[in-house]
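I open this notebook to record what I looked up, chain by chain and then at the contact between chains.

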Amino acid sequence: MAESPHLLEIEVIEGGLRLSGEIDASCIDLLSIHLNPLPGTTGDVTIHLGNILFIDSSGLRELIDAHQRAERTGRRVLMTEPSTVVTRLFEIAGLSKILHTLPAAD
Amino acid sequence: MPNSFDQPGKESFARVDRLARHLLAVPISFVTVVDPVGLPVTHLFNLDADNNEDNKNDRAIDWRSLSTVVAELTLASRGVLEIRDGRADQRLATFISSSSTCACLAEQLVDHKGEVCGVFGVIDRQQRAWTDQDRSNLSDLSGFAIAELERRHAVHLKIATDHSTEQLFQLASALTSAAGIEEVMQRTSKIAGDLVGASIANAAVVDREAGDMKMHYGKSIGEGESNRLVRLPLNEASPLGRAVLTGIPVHMSNADEIVRGFPLEASDALGAGLRALAAYPTRGRHAAIGFGWTHPMVFDDPLRRTLGTVAELFGLGLERASVGDRDRAVAEHLQRSLLPGALPFVPGAQTAAMYEAGAANLDVGGDWYDIVAAGPDRYLIGIGDVVGRGLHAAVTMGQLRHAFAALVSRIGSLGEIVENLDHFAQNVEGARVSTLVAASYEPSTGNLELISAGHMPPMLHRSDGSVTQLPNGGPPLGLGGDLARSTISTALNVGDSLWLYTDGLVERRGESVDVGLGRLKEAIQNTRADESGAALRDVYQALGRPVEDDVAVLVLMR
């Protein structure tokens, strides 16, 4: 299977980012640029994860880093509408009680 | 150099010393630091400046020796030592002249983990009837001393880690580009020798068919000796041989120890100017690295950690160098990984494990596993995943795996081991957010305890055919904060197996991880093999793996 280097789409939205596609080691630098420093200067940062089909450990680490970076400055990173793929990985990795996730309203 | 980091600076304790002398009205206080690996005690005798002349000229009392003895007695007493009149105490008589006396009050230092980390004490030049106030003051001061020790230890860990980490990256880098086993041996001995300040460094690989070892002198004292490849008999008469045969690192801190430890080699070693030796085996005992120094050495924790990591990297370098042509290598590597002898023998059980690096490049990833004997009826099993690939992941993985084994040898409780690794991961940047399952297994009963830090859930295959996915664990290592992780207690009955693995086995693009977990459960359920290696092969082949990811799998079958 041919590997395309940028399977991740990052859309800057109000208050944060909307991520679509796959987050893995090949695009981690791209994601990192958008999260470091955090978007905006105050208030919550929203990362919309509804369209994420795959995320590996480097992706998880990037999200955790963003979460901790926010905490240090009294802000929050809100992971909104995480896809099933993401939700399940958060649960297995014991991150559900740590990261701020906002599931989609039914 | 590692040695410059090991002595807690006198200035660290100067404040505690001044307070002690003032509060307790004594001329001398001392701190003794117990080496965390349980070996020689480092004794700090703090002769503060304003007291120097008095004490130095005091021929009546050998303060240094006296304080050492008091420290030893305190450790033996396992609590507080009180001596009101030293002259009347047989144990101290040698250090005090007949016309003098002394009094001592000393307390064992216990850190927050409940481990004895040293002694804090005061000595007076006259008889003393120690009061409750004195004991209470000493207790408070001991608290300060412990805090200072812990702060210093944390700083040491960071400094030692930063310093040696850089050089370890260099080593890992050199080994990644090494073209073959001989080059791996050459580069390891040369670079590692410089890293630890050794005058002699050599690397040896076991040739089991020939019954000996091929050794490469990477660094040596004499001219013309370097870069030679020689054959060495495989026996315990040499440090390298002993390390390989016993699987235990060898440390000879001074000439006496060399003579006692290696009587046959001692005169050659000492004649060559060596005063300290070390030899570390690689995992699986296929090889070993050895070092020699021309001065006595203190093999403290940071140095042992460095040496252990060098051995890990050396082992990894050898494995990678022998991989060569990818197609043939996949099968061969799988075979080699399943060979008995790669893991320790666990009574009443079979074990098998495999590691397959992602095929996209020859960079090794960060997956690791280990089984370490922790006592006659206890084995610690670990599997983990360091984020990332390449040099950084390889080095960090080696450090983490080594830290795991080192902790197992020192700490009894599974929870504490994981807590320590958590702390380690906080201090070593590359280890942050790494995952781990640590399990404690008792062969006589089959009792099993597990803690998961952000890792894929272990699977339990029961003899009735059912496969249970264990509950999700706590967060990955190194996130800081007070993160509790629960311990799962269960038991492996005869016919049951425990499966540990990394995410490369079950994660596929475009599907939830539950799909992969389901596939794994099914594959485990379908194995008919009652031999661990065959079962492992069956499951691995049933699942395949994504092209670019690493996979590690370990099975324990009772």
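**Entry 1. Chain A, overall.** I began with the secondary structure of chain A and counted three helices and five strands. Read from the N terminus, the order of these elements is β-β-α-β-α-β-α-β. I note here that the model is a predicted one. I then looked up burial: of the 106 residues in chain A, 37% are buried. I also looked up the contacts in chain A between residues at least 6 apart in sequence, and found that 64% of them join residues at least 24 apart.

**Entry 2. The sheet of chain A.** In what order do the five strands of the open sheet lie? I read the order S1-S2-S3-S4-S5 in chain A, with mixed pairing. Strand S1 (8-13) and strand S5 (100-102) of chain A are the edge strands, each pairing on one side only. From one strand to the next, the twist averages 25 degrees.

I next examined a single pair within this sheet. S3(A) and strand S4 (residues 77-80) of chain A run parallel and are joined by four bridges. For A:Thr46, I found the bridge partner in S4(A) to be A:Leu78.

Two helices were then checked against the sheet. Helix H1 (residues 28-35) of chain A packs on the sheet and touches S1 and strand S2 (16-23) of chain A. The direction of H1(A) makes about 10 degrees with that of S1(A). H2(A) also packs on the sheet, where it touches S2, S3 and S4 of chain A. Between the directions of H2(A) and S4(A) I noted an angle of about 140 degrees.

**Entry 3. The contact between the chains.** How many residues does each chain bring to the contact? I recorded 19 residues from chain A and 20 residues from chain B. On the side of chain A that touches chain B, strand S3 (45-55), helix H2 (57-72) and helix H3 (84-92) of chain A each supply at least two residues. The largest share of that side, six residues, comes from H3(A). Sorted by class, the side of chain A that touches chain B consists of eleven nonpolar, four polar and four charged residues.

**Entry 4. Nonpolar cores.** I turned to the largest nonpolar core, which has 91 residues. Those that touch the most other members are B:Leu421, B:Ala552, B:Val553 and B:Val555. Strand S21 (residues 551-557) of chain B gives the most to this core, namely seven residues. I listed the contacts of B:Val553, leaving out residues up to four places away in sequence: B:Ala353, B:Met354, B:Tyr501, B:Leu505, B:Leu536 and B:Tyr540. Another core, of 49 residues, lies apart from the largest one and includes B:Val206, B:Leu240, B:Ala243 and B:Ile258. As general background, I note that nonpolar side chains tend to be buried together in soluble globular proteins.

**Entry 5. Strand S10 of chain B.** Why is strand S10 (residues 276-281) of chain B largely enclosed by the rest of the structure? I found that six of its six residues are buried, so the strand is largely enclosed. B:Ala276, B:Ala278 and B:Tyr280 point one way from S10(B), while B:Leu277, B:Ala279 and B:Pro281 point the other way.

I then followed the pairing of S10(B). Strand S9 (residues 250-252) of chain B pairs with S10(B) in the antiparallel sense over three bridges. In that pair, B:Val250 has B:Ala279 as its bridge partner. S10(B) and strand S11 (residues 287-293) of chain B run antiparallel and are joined by six bridges. B:Leu277 stands opposite B:Gly292 of S11(B). S10(B) and S11(B) form a hairpin with five residues between them. In the turn, B:Gly284 has a positive phi of about 80 degrees.

**Entry 6. Helices H14 and H15 of chain B.** The axes of H14(B) and H15(B) are 9 Å apart, and the helices pack at an angle of about 140 degrees. Their crossing is right-handed. H14(B) contributes B:Arg519, B:Leu520, B:Ala523 and B:Ile524 to the contact, and H15(B) contributes B:Val539, B:Ala542 and B:Leu543. I classed these residues as six nonpolar, no polar and one charged.

**Entry 7. B:Arg528.** This residue lies in the loop between helix H14 (513-526) and helix H15 (532-543) of chain B. Is B:Arg528 buried or exposed? B:Arg528 counts as exposed because it has 7 C-beta neighbours inside 10 Å. Lastly, I looked up the C-alpha atoms of B:Arg528 and B:Asp538, ten residues apart along the chain, and found a separation of 8.8 Å.

Conventions. Residues numbered from 1 in each chain as written. Chains lettered and ligands numbered in written order. Predicted model: local features only at pLDDT ≥ 70, side-chain atom pairs only at ≥ 80, totals over all residues. Contact = placed C-beta atoms within 7 Å. Nonpolar A, V, L, I, M, F, W, Y, C, P; charged D, E, K, R; others polar. Core = buried A, V, L, I, M, F, W, Y, C linked by C-beta atoms within 7 Å. Buried ≥ 20, exposed ≤ 12 C-beta atoms within 10 Å, placed from the backbone. Pairing = 2+ DSSP bridges. Axes fitted to C-alpha atoms, helices over the stretch in contact; angles between N-to-C directions. Left-handed = near helix turned anticlockwise from the far one by under 90°.
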